[in-house]
Amino acid sequence: QVQLVESGGGLLQPGGSLRLSCAVSGSISSPYTMGWYRQAPGKQRELVASITSGGTTRYADFVKGRFTISRDTAKKTVYLQMNSLKPEDTAAYYCKASAGRQGDYWGQGTQVTVSS
């Protein structure tokens, strides 16, 4: 059974930095793409960033230059380094593993709140 567990969320002031982690446990088929999504209250879940097994990254326009996604394949862990955080970045952040025919898996989410 594949499980994803996020960690690293918290409360911080505008301009601060935070690093989220998402660890994959269980047997997951390679290659698989990892992604970070977020969902603010009353809004749809949206893609923040993704990274393929080959290391190709993709970012939403609203985080370009501020967030960096990376992965440690050996540890089956993906990271999201978030810098220059803004109040509008406040949301629940979810990681997702897309493993082709095996399917998609989601973590339970971690809350990030940016407020002065």
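What share of the contacts in the protein chain with a separation of 6 or more is accounted for by residues 24 or more positions apart? Such residues account for 53% of these contacts, a contact being defined as heavy atoms within 4.5 Å.

The structure is a predicted model, in which local features need pLDDT of at least 70 and side-chain atom pairs count only at pLDDT 80 or more, while totals for chains, interfaces and linings use all residues. Residues are numbered from 1 along each chain as its sequence is written, and side-chain values use heavy atoms, with hydrogens and water left out.

The protein chain contains eleven strands and zero helices, where helices (H or I, at least four residues) and strands (E, at least two) are DSSP runs numbered from the N terminus. Along the principal axes, the C-alpha atoms fill a box of roughly 40 × 25 × 25 Å.

Of the 116 residues, 43% are buried; buried denotes under 20% relative accessible area, exposed over 50%, and partly exposed in between (1.4 Å probe, protein chains only). The protein chain exposes about 6,100 Å², of which carbon and sulfur atoms supply 46%. These areas come from the Shrake-Rupley method with a 1.4 Å probe, and for residues only the protein chains shown count as cover.

Strand 4 spans residues 33-39, and because five of its seven residues are buried, strand 4 is largely enclosed by the rest of the structure. Strand 4 pairs in the antiparallel sense with strand 9 (residues 91-98) over seven bridges; pairing requires that DSSP finds at least two bridges between two strands. In this pairing, Arg38 stands opposite Tyr93 of strand 9. Strand 4 also runs antiparallel to strand 5 (residues 46-51), to which five bridges join it, and Tyr37 stands opposite Leu47 of strand 5. Six residues separate strand 4 and strand 5 in a hairpin, and Gly42 in the turn has a positive phi of about 80°.

Val114 lies in strand 11 (residues 110-114) and counts as buried because its relative accessibility is 4%. Asp89 and Val114 are 25 residues apart in sequence, and their C-alpha atoms are 6.7 Å apart in space.
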